[in-house]
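Please keep the sequence and the structure in view while reading the points below.

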Amino acid sequence: ITEGYSVLYLPSTISVDRQQTAIFRMAVDEFCVSPVVRELLLGHRVDARVLPVPALPDLTVASLPPFNEDQRGAIRMALLHRVSLVQGPPGTGKTDVVAGVCNRLLEMHVAQVLVVAPSNDAATQAARKISRTGCKVFRFYARSREAPADLERELRLAAHAEPSSYELLCQIDDFETQLKEAQLRLTRDDR
């Protein structure tokens, strides 16, 4: 059967919609993103130093294995810049480096650090490793991902938010999901 049929592929536009919404919000609301991130996204140069870094003769963290020379260099560079990218092949200690940086920033009295990862699993592994260094960690993710039983309670949103705030976030998440589903139904019905 090769005649009389047509195939129409409608890919999900959720990620593109989210990107467009984020760009629009950044353009109209100067407080929706930090000034440093805004400047980086716009391709502008930013002040490279986040704060004065004391001498780092010892880069050991009790809960982590000893760092090799490359890892120590990555930690030093991350402490000197407002935004750092840690990348490398599997098994090279990227998560240990991130945890070491967060631990050192905690010792330097930096109040908040944003850590992002390319996947949910990588973000969860980073959150676990960072929390073992003594840093207070808040793992943010979609409400649908909060159900996994293997995620420690202290990493969940409910452990950090007031119940009323948490419920409000859940309601917003539910509303956004319902809105996306309604948009998909409208698109299908328009065919």
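A residue is called buried when its relative accessible area is under 20%, exposed when that area is over 50%, and partly exposed in between. By this rule Cys102, at 8% relative accessibility, counts as buried. The model is predicted. The chain contains six helices and zero strands, and its 191 residues include a buried share of 23%.

**Overall organisation**

- Followed along the sequence, the chain shows the pattern α-α-α-α-α-α.

**The largest nonpolar core**

- The largest nonpolar core has 19 residues, and the members that touch the most others are Phe67, Ile75, Leu79, Val101 and Ile130.
- Three helices each supply at least two residues of this core: H3 (69-80), H4 (94-107) and H5 (120-132).
- Helix H4 gives the most to the core, with six residues.
- Ile130 touches Val98, Ala99, Cys102, Val115, Cys135 and Val137, when residues up to four places away in sequence are not counted.

**How H4 packs against H5**

- Two packed helices are described by the angle between their axes and the distance between the axes.
- The axes of H4 and H5 come within 9 Å and cross at roughly 45°.
- This angle makes H4 oblique to H5.
- The crossing of H4 and H5 is right-handed.
- On the H4 side, the residues that meet H5 are Thr95, Asp96, Val98, Ala99 and Cys102, and their partners in H5 are Gln125, Ala126, Lys129 and Ile130.

**How H3 packs against H4**

- For H3 and H4, the axes come within 9 Å and the crossing angle is roughly 45°.
- H3 and H4 are therefore oblique to each other.
- H3 passes H4 in a right-handed crossing.
- H3 contributes Gln71, Ala74, Ile75, Ala78 and Leu79 to the contact, while H4 contributes Asp96, Val97, Gly100, Val101, Arg104 and Leu105.

**Cysteines**

- A disulfide is a covalent bond between the sulfur atoms of two cysteines.
- When a disulfide is taken as a pair of cysteine sulfur atoms within 2.5 Å, the count comes to zero.
- Cys135 counts as buried because its relative accessibility is 12%, below the cut-off of 20%.

**The loop between H2 and H3**

- Leu59 lies in the loop between helix H2 (35-41) and H3.
- Is Leu59 buried or exposed? Leu59 is buried, with a relative accessible area of 6%.
- Apart from neighbours within four places in sequence, Leu59 is in contact with Phe67, Arg72, Ile75, Arg76 and Arg104.
- Two of these partners of Leu59, Phe67 and Ile75, are among the core members that touch the most others.
- Leu59 and Asn103 are 44 residues apart along the chain, and their C-alpha atoms are separated by 10.0 Å.

**The loop between H4 and H5**

- His109 is located in the loop between H4 and H5.
- His109 has a positive phi of about 65°, although this residue is not a glycine.
- With a relative accessible area of 71%, His109 is exposed.

**Helix H1**

- Ile14 lies in helix H1 and is partly exposed, with a relative accessible area of 27%.
- From C-alpha to C-alpha, Ile14 and Leu184 are 9.9 Å apart in space, while 170 residues separate them in sequence.
- Ala27 is also found in helix H1, which covers residues 14-28.
- The relative accessible area of Ala27 is 65%, so this residue is exposed.
- Ala27 and Arg38 are 11 residues apart in sequence, with a C-alpha to C-alpha distance of 9.5 Å.

How values were computed: Residues numbered from 1 in each chain as written. Predicted model: local features only at pLDDT ≥ 70, side-chain atom pairs only at ≥ 80, totals over all residues. Heavy atoms only, no water. Core = buried A, V, L, I, M, F, W, Y, C linked by side-chain atoms within 4.5 Å. Buried < 20%, exposed > 50% of the residue type's maximum accessible area, 1.4 Å probe, protein only. Helix = DSSP H or I, 4+ residues; strand = E, 2+ residues; numbered from the N terminus. Contact = heavy atoms within 4.5 Å. Axes fitted to C-alpha atoms, helices over the stretch in contact; angles between N-to-C directions. Parallel < 35°, antiparallel > 145°, perpendicular 65-115°, else oblique. Left-handed = near helix turned anticlockwise from the far one by under 90°.
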